[in-house]
Structure formats: structure tokens, C-alpha cells
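The structure is shown first.

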Number of protein chains: 2
Amino acid sequence: MIRVAIYGYGNLGKGIECAVNYADDMTLVGVFTRRDPSTLTTLTGAPVYSSDDILLYRDDIDVLVLCGGSATDLPTTTPELAKHFNVIDSFDTHANIPTHLANVDATARESRHLALISAGWDPGMFSLARLYGSAILPNGRDYTFWGKGVSQGHSDAIRRIEGVLDARQYTIPVDSALDKVRSGVCPDLTTRDKHIRECYVVVADGVDKARVEREIVTMPNYFADYDTMVHFVSQEVLDRDHKGIPHGGFVIRTGSTGLDKANNHVVEYSLKLDSNPEFTASVITAFCRAVYNMHMRGEVGAVTVFDVRPVDLSPLSREQIIASML
Amino acid sequence: MIRVAIYGYGNLGKGIECAVNYADDMTLVGVFTRRDPSTLTTLTGAPVYSSDDILLYRDDIDVLVLCGGSATDLPTTTPELAKHFNVIDSFDTHANIPTHLANVDATARESRHLALISAGWDPGMFSLARLYGSAILPNGRDYTFWGKGVSQGHSDAIRRIEGVLDARQYTIPVDSALDKVRSGVCPDLTTRDKHIRECYVVVADGVDKARVEREIVTMPNYFADYDTMVHFVSQEVLDRDHKGIPHGGFVIRTGSTGLDKANNHVVEYSLKLDSNPEFTASVITAFCRAVYNMHMRGEVGAVTVFDVRPVDLSPLSREQIIASML
């Protein structure tokens with residue numbers, strides 16, 4: 001049994017708890033939190049401990065799953081805890097990944113632990129789709145589309161506008177752009193060409209909706225570069241129809257082969273997810289298994305999804321995998 | 001530079017020749033054939049040698065790509081040549097893969113070479129999609145659909161019917177079955193539910209078309225279990241409209257997450273290929289690079305696509321891959 005522990009108990013931590021609960025080869029040691037443990041009740045009844053006490057559990061945990069945020073938590077938590085545990089995180093600030101990897105590698109290598117960073121679906125499964133696609137079709141190009149899905153950051157940005165009570169923002173890929181990419185013509189697509197943004201907004205009584213809509217669609221970085229649709233709805237409708245946190249997207253690689261490059265090919269990897277955090281947690285849980293297997297073979301340092309043999313992700317034996325899936 | 005050689009020069013061998021030609025980190029040593037080398041002209045002008053002389057080139061080849069057939073060639077060729085070379089093949093008789101793997105492993109391990117078997121898209125990329133999908137969504141099920149594409153075996157079967165001059169058979173996935181799978185209901189689907197077969201047939205003058213059609217649609221193993229459409233066309237139309245060898249397909253994994261399994265997810269990997277052999281060759285060429293990298297690190301024996309770290313497939317450095325694709 002692989003002994004897994006969770007560090008941080010938000011939506012992602014809860015998703016890990018559920019995924020580990022259904023993994024026959026894993027057991028959940030517990031949840032570590034910076035809050036008062038007595039205030040937390042876990043979904044499965046897993047024990048809750050204070051994060052202050054985590055070093056007491058050094059010998060009880062095979063893989064520690066770090067469920068903090070990429071902005072402020074993981075840049076310090078991951079390298080620090082890699083001094084004492086095999087760890088895995090979902091660090092997703094793409095531009096800072098090389099620095100994060102180097103920081104984590106230094107402490108993990110020193111302590112002879114294995115740390116896997118940036119697991120999830122993007123970065124994660126979409127990264128793998130980009131790598132496999134580019135290796136197989138070097139004469140080509142890849143495109144990533146996100147959605148339809150909820151963007152938490154964009155929803156928060158709308159909520160900061162004066163008079164807005166609540167909001168939910170969906171990122172939606174543009175069908176005609178997807179079709180153009182699939183046709184193999186390798187188009188140049190701007191930000192506006194690829195995605196539209198749809199907003200469901202609740203405002204207080206008497207608020208000027210035209211002003212709110214104008215502030216949304218012209219907001220720099222968030223909306224100004226996109227075609228944005230704004231719908232004003234009641235809090236009841238928002239709560240009833242827009243409670244979920246779906247997401248998904250597409251990685252499409254097109255490329256040509258043959259001496260005169262006459263033959264075209266389309267490789268497409270897509271996700272359609274009811275729950276973004278639960279799916280992310282499912283990916284991380286599979287990679288927990290790989291961290292365990294790799295560390296058992298003596299591998300140390302910081303690695304990514306690119307460094308993991310697919311065979312290490314499955315609870316089945318190599319023989320079973322080859323017989324049933326190859 | 002990775003020195004690659006090709007053993008067998010049919011459609012697959014030609015595809016390897018083109019793919020290696022466009023790989024900046026590879027050079028093609030030559031093509032080995034059982035035919036008289038003087039009768040062969042290669043697409044790129046690569047030298048042609050007799051397969052009888054291959055052992056003379058032991059020190060000149062890093063990876064030898066075996067382009068024979070799975071029925072009679074590869075079961076003997078791969079284990080035999082793994083005594084002298086790092087090899088890669090596209091052995092695709094699914095049921096016999098474990099035996100083939102064991103045979104190749106024995107000779108490759110003895111001679112300290114690395115052999116990768118069953119590279120291509122199915123087995124190959126589709127196998128990887130099945131493994132990743134099952135590891136990530138254990139509470140789920142996967143489905144593989146093939147097509148639209150040409151089945152050489154079924155085309156040949158039609159040509160053996162009396163009075164048939166030529167034929168081309170397409171395997172086509174049933175859209176409604178694809179949609180049902182994507183809906184996440186995990187349907188039980190029979191062979192007939194998943195694919196239809198469409199046949200373009202040229203018959204000699206005066207042949208009874210009704211009899212030919214009846215013989216096709218009732219043919220055991222090949223057509224009897226499917227809904228089959230038969231179109232009689234002229235040789236001119238067949239040559240004009242059905243010369244290509246397209247193929248493709250879908251691997252769809254659906255599964256649920258959460259404590260009460262309330263959230264559903266769909267992971268879909270699909271291929272749309274103008275040329276089946278050229279795409280297969282492109283996959284094999286990427287895995288050639290992995291065979292080389294793994295053998296340079298001292299790995300020996302027989303492996304599959306499941307044993308390959310994705311990072312080993314790319315000509316880019318690990319740092320470049322992480323910075324540009326993670």
C-alpha cells in the first residue's frame with residue numbers, strides 16, 4: 001500500500017481524498033492543514049493534523065500531495081517539504097516552472113527524495129499531448145484551446161467591479177477556429193480568434209448595467225483582447241445553473257509527412273470535465289503512484305510528467321498492462 | 001547523429017526513409033532488402049544493401065528499424081536481429097505480443113541490446129491513450145474505434161471472390177455509437193454497433209453483382225458481423241477516388257470522480273491520417289530516438305511504448321521541452 005498524505009484541504013485536496021479512497025493500492029494517512037484541525041471535517045473521515053506537526057509523520061508518508069496555490073504557497077512549500085518527503089504538486093505558473101523545478105531539485109536531491117512538479121491537466125496531460133505530438137509530427141504545429149470552462153481568476157475580476165454581487169465567467173473555444181486548425185492549414189490565430197468569454201453577472205438593485213458591461217468588456221488583460229458576452233442574471237439563476245466547475249479543452253497537432261510533405265495528419269487530445277479540481281486530483285493521484293515507484297527504484301530530484309514512464313502510472317503489473325492495453 | 005537503418009522496403013520502410021530524412025538528429029545508413037539490391041531505387045537516394053550482408057554493418061547502425069510483416073517476418077526477424085543490433089518493430093498481432101516480447105527480450109538481453117516492439121499507432125499511440133486514460137480515471141471504461149480507413153486485409157478478402165477484379169474496403173466508426181460513448185453512459189457495444197464496412201468493388205463484365213454482394217456481406221469473420229455497404233464501381237473510379245491509404249480512429253475514456261462518483265469526465269484521443277504507413281513510420285522514428293537514448297544509458301532487453309519516458313522521444317533537450325511545452 002502506498003501511504004499518501006494531503007497538505008492543504010481545498011477543492012483539490014478533497015479531490016485527492018476521493019481519488020485515493022478509490023485506489024486499491026493506496027491508503028490515506030491524513031490531511032494536514034494550516035487551519036485549526038478541530039474545525040475541519042473530511043469527506044471520508046480521514047484524520048486531520050496541523051501542518052505544524054508534519055515532521056512527526058516523516059516515516060509514515062510515502063508521497064505527500066501539496067495542494068496549495070501556485071502564486072504564494074508552492075514556490076516555498078514544495079522545496080521546503082521536499083527536504084523531508086517525496087512530494088508532488090500542481091504548480092501551474094508556466095513561465096516560472098524552470099525556476100521552480102531548479103529550486104525543488106536542489107532540496108530533493110540533497111535529501112534523496114523524489115519530487116514531481118506541475119502535475120494536472122495543463123500543465124500535465126496537455127503538456128504530454130504537446131510533447132508526443134511534436135515528436136511524432138515534427139513538420140507541424142500544435143494548438144491548445146481551453147474550455148468550455150470556468151475561469152476563477154476572470155470570475156473574481158468581474159466581482160471586483162462596483163455594484164457586482166457575484167459572477168461566473170466561462171472561457172469558450174471558437175468552433176470555427178477549431179475547425180480551421182483541424183483542417184491542417186496551420187493558421188496564425190490571435191487570442192481573440194481562439195476563445196470567447198461569456199460572463200454571468202449578478203448586480204445590486206439600481207446598478208447601471210450598461211456601465212458594468214462596459215467595464216467588463218474593456219478590462220485590460222482579462223477581457224479587452226477577447227469577444228466577451230455579458231448576461232445579467234439573478235443570484236438564484238447563478239446559483240442554480242452555474243454552480244459547477246466544469247472545464248476542458250483541446251490540444252491539436254497537425255503535421256505533414258512524406259518526401260514532398262503531401263500527406264496531412266491530425267492528432268487531437270481533448271478533455272471534457274464536469275469538475276476541474278476532481279479531474280486534476282485524479283491525474284495527480286496517478287502520478288503519486290509513479291513517484292512511489294520511481295523512488296523505490298532509487299530515483300531522486302525534481303521531475304515532471306515528461307520524465308515518467310507510462311507503465312509507472314498504473315496499479316496493474318507491466319505484464320497485465322501489456323496483455324490488456326498494448 | 002543517430003545512425004538509423006531500414007530492414008525491408010515496402011510502404012512502411014519508405015515512410016521511415018522520409019521521416020529520418022526530415023529528422024535533424026538522424027542519418028540514414030541505408031536500406032537492407034531481401035530482393036536484389038540493384039533492382040531497388042530509394043526515394044531519397046539512400047544506399048541499398050542485401051539483407052545477407054547486414055552483419056557487416058554492425059558497427060555502423062545505432063538503431064535498425066524492422067519493416068517486415070507481423071504474420072511471418074517479425075516473429076523470427078526481431079529476436080534474431082536483436083542479437084546484433086538495437087531494433088524497433090511494429091509487431092501488431094495483439095494476442096501474440098507477450099510471446100513476441102519474451103522472445104525478443106531473451107536475445108536482446110543476452111547481447112546487451114535494446115529492442116522496442118509494437119511501435120506505431122495501434123499498437124502504439126492508442127495503447128498509450130488507453131493506459132493514461134485508465135490510470136487517470138480508474139472508475140471508468142475505454143473504447144477504441146478505428147477509421148475511417150482502409151483495411152488491407154478486408155480489401156484482399158473481397159478480391160479473392162470469383163469475378164472480382166479489384167476492391168477497396170473502408171472501416172467506418174458509427175457516429176451514434178461514438179456519441180453514446182462520449183455521453184459517459186458506458187454502453188455495451190457489439191462489433192456491429194461500433195463500425196460499418198463500406199466496399200468499393202470492380203467486377204468483370206457479365207458477373208452477377210447480386211451474387212458478389214451476397215458473398216461479401218455474408219463472409220464469416222470479415223463482414224458477417226457488420227453492417228456492410230457494397231458499391232460497384234469502374235476500375236477508373238477506384239483508381240481515381242480510392243488510391244489513398246487513409247486511416248485513423250478514436251480512443252475514448254469516460255469515468256467518474258468524487259465521493260459519490262457524481263462528476264463525469266471524457267478523455268478523447270483521436271487520429272485522422274492521410275497515410276497510415278507514413279504516420280506509423282513517424283511514430284516509429286520518434287521511438288527510434290528513445291531506443292538510442294535508453295541504450296546510451298545502458299538499458300537492455302525488450303521494451304514497449306509503455307516503458308519509454310516521453311522526454312526521450314524529442315530531439316529537444318529536457319530543458320527546452322520543459323520551458324516550451326510543460
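## Interface contacts

A polar contact is a pair of N or O atoms within 3.5 Å; within protein, one must be able to donate a hydrogen and the other to accept it, and residues adjacent in sequence count only if both atoms are side-chain atoms. In this predicted model, 31 residue pairs, both at pLDDT 80 or more, are in polar contact between chain A and chain B. Among the elements of chain A that each supply at least two residues to the side touching chain B are α3 (97-111) and α10 (276-296). The largest share of that side, 11 residues, comes from β13(A). Helices (H or I, at least four residues) and strands (E, at least two) are DSSP runs, numbered from the N terminus.

The interface of chain A and chain B has 4 salt bridges, a salt bridge being a side-chain nitrogen of Lys or Arg within 4 Å of a carboxyl oxygen of Asp or Glu. A:Arg309 and B:Glu299 form a salt bridge through their side chains, at 3.6 Å from N to O.

## Cysteines

Over all chains there are 0 disulfides, a disulfide being a pair of cysteine sulfur atoms within 2.5 Å. The closest cysteine sulfur to that of A:Cys18 belongs to A:Cys67, 12 Å away and too far for a bond.

## Conventions

Residues are numbered from 1 along each chain as its sequence is written, and chains are lettered from A and ligands numbered from 1 in the order in which they are written. Local features need pLDDT of at least 70, side-chain atom pairs count only at pLDDT 80 or more, and totals for chains, interfaces and linings use all residues, while side-chain values use heavy atoms, with hydrogens and water left out.
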